[in-house]
Amino acid sequence: MKPYFDDASEVYQYLGGVFHVADAHPDVGPRLRASGLTFRIDYSRPAAILTVRMRPEGIEVIEGATDVRPDVRLAMSADNGDRFWRGEYNAAVGLATGEVRARGPVSKLLSLLPLAKPVFPLYQENDRRQGREGRAMKATVALQHGPGSPFSLEPVELSRPAADEVVVRMAGVGVCHTDWTAAAGTVPLPPPFVLGHEGAGTVTAVGPGVNSLAIGDQVVLSFDACRVCPQCTAGHPAYCVLSPALNYSGMRPDGTTTMSQEGRPVHGSWFGQSSFGTHALASVRNAVKIPSLPEGLSLDILGPLGCGVLTGAGTVMNVLRPRPGQSIAVFGLGTVGLATVMAAAVAGCRPIIGIDPNPLRRRVADDLGCTHTLHPDATDDLDWALAEITGAGADFTVDTVGSDTVVRQALQALRTPGICATLGLQSMENNVTIDQGHLLMGRTLTGVIEGDADPRILVPCLIDLWRQGRFPFDRLVRRYPFHRIEDAVKAGRTGTVVKPVLVFD
């Protein structure tokens with residue numbers, strides 16, 4: 001499989017009215033520039049239109065204003081016949097991101113995956129200044145040399161923390177379904193790469209301008225977000241317009257990597273962290289400070305609060321928002337599903353029904369708040385069984401699996417009106433078939449990423465609920481030493497462990 005950015009746009013710098021090529025794929029880049037591809041750029045503030053043309057020597061402004069004010073947001077598009085590009089430029093952080101849509105026989109991946117290789121980086125030179133305690137350092141990471149390859153514990157050099165970055169010495173990191181899905185190639189990161197996105201640890205170095213965190217602070221690492229786009233400022237950082245560039249590209253937004261090995265780049269920045277290692281380089285935006293730990297709760301198991309637990313709990317607390325006494329059915333009782341069950345119990349839902357073929361998970365769900373648990377294959381008629389428990393159907397259902405069958409089952413289990421939230425990731429392209437007539441009766445199907453949560457708010461909230469004895473997420477965890485990462489992944493995939501967590505000496 002070719003790297004997913006081969007047929008995409010290039011990386012440019014805006015200098016004096018001309019977009020200059022800063023980086024280009026050696027084969028595709030010159031061909032695109034020579035094609036005379038035209039970008040039409042619409043300013044939202046001030047109202048104006050700027051047209052630029054791709055030239056062999058760069059991108060030339062041929063019509064409209066050339067000054068880009070710091071508060072300007074741009075809607076951008078480009079068309080070269082067999083594919084077109086749509087995106088948005090955010091001048092506040094100096095990046096534009098978008099996606100390629102294909103006309104004709106072009107890779108389906110390009111038509112589905114937002115461009116993770118960002119364009120128009122406008123980072124200033126002082127953003128690369130060395131931070132306090134910021135000399136380059138060695139780390140041992142679980143390196144993968146290609147999709148499906150085994151994890152290999154190898155030394156890398158972690159770069160100096162740049163502006164707004166911190167180095168975190170890992171205490172523990174959760175192993176998540178998204179990690180092993182990406183490891184198999186579903187999200188085609190350029191190799192070699194380092195995964196891991198449920199990290200927790202202690203800050204050991206900070207970059208220039210970092211005042212909100214200090215060396216010695218304990219943090220939980222979550223997903224990254226720009227914190228300045230409309231979605232972020234409205235309280236929905238999980239839907240940040242720069243999310244692909246910040247979380248899935250394998251590099252910083254300016255195209256540099258946070259790690260190297262013998263002078264060669266190692267791709268990281270997975271969810272803004274790549275925490276399958278002894279140390280991770282993260283941002284102040286996705287490092288949540290934990291002022292004090294409750295007695296009995298260890299830092300090394302807090303990482304899952306940044307993703308899997310956050311997703312399930314946030315879906316209940318931020319999206320569904322049930323009233324006490326309303327019913328909920330949860331399809332799939334892994335980390336996300338069991339976090340959903342615990343949050344539903346906190347909200348006072350009743351009944352709470354868990355559906356999963358794994359007897360271990362059903363037993364755990366019984367202990368964590370489920371009033372009923374069902375084996376989907378051992379029930380003659382699952383719809384009828386759910387209707388008998390709920391009466392006319394559940395007020396809410398949550399799908400944590402993402403398969404066509406389970407999404408339809410979750411929808412069919414709803415009363416009218418009712419809401420089904422789908423959270424499960426199967427692949428970048430995942431077609432499901434639903435009955436639109438069923439939806440017309442007042443039912444809603446909604447997708448949810450990261451529980452539509454702000455980790456800075458929800459992570460401390462969940463820790464406080466644990467302190468009260470109302471959210472015992474620690475019961476999901478089994479610790480594995482870092483060198484047993486393959487065993488931990490296998491345990492998670494086979495369902496013998498709900499949440500494997502890698503711990504470090």
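Contact here means heavy atoms within 4.5 Å. Helices (H or I, at least four residues) and strands (E, at least two) are DSSP runs, numbered from the N terminus.

A word on the source. This is a predicted model, in which local features need pLDDT of at least 70 and side-chain atom pairs count only at pLDDT 80 or more, while totals for chains, interfaces and linings use all residues. Residues are numbered from 1 along each chain as its sequence is written, and side-chain values use heavy atoms, with hydrogens and water left out.

Back to H10, residues 404–412. Its residues Val406, Val407, Ala410 and Leu411 are buried. They lie on the same side of H10, because they cover an arc of only 135° around the axis, taken from the directions from the helix axis to the C-beta atoms. Buried means under 20% relative accessible area, exposed over 50%, and partly exposed in between, with a 1.4 Å probe and protein chains only.

Next, a loop. Ser222 sits between strand E14 (218–221) and helix H4 (230–233), and is buried at a relative accessible area of 1%. Beyond neighbours within four places in sequence, the contacts of Ser222 include Phe271, Asn286 and Pro455.

Last, the aromatics. The whole structure has six aromatic pairs. Rings of Phe, Tyr and Trp (its six-membered ring) pair if their centres lie within 6.5 Å; planes under 30 degrees apart count as stacked, over 60 as edge-to-face, and the rest as tilted. Phe471 and Phe473 have ring centres 6.4 Å apart and planes at 45°, so this pair is tilted. Phe482 and Phe504 are also a tilted pair, at 4.7 Å centre to centre and 40° between the planes. Phe482 is in the loop between strand E25 (477–481) and helix H13 (485–494), and Phe504 follows strand E26 (499–503), so the pair ties together parts 22 residues apart in sequence. Phe482 is buried at 8%, as is Phe504 at 15%.
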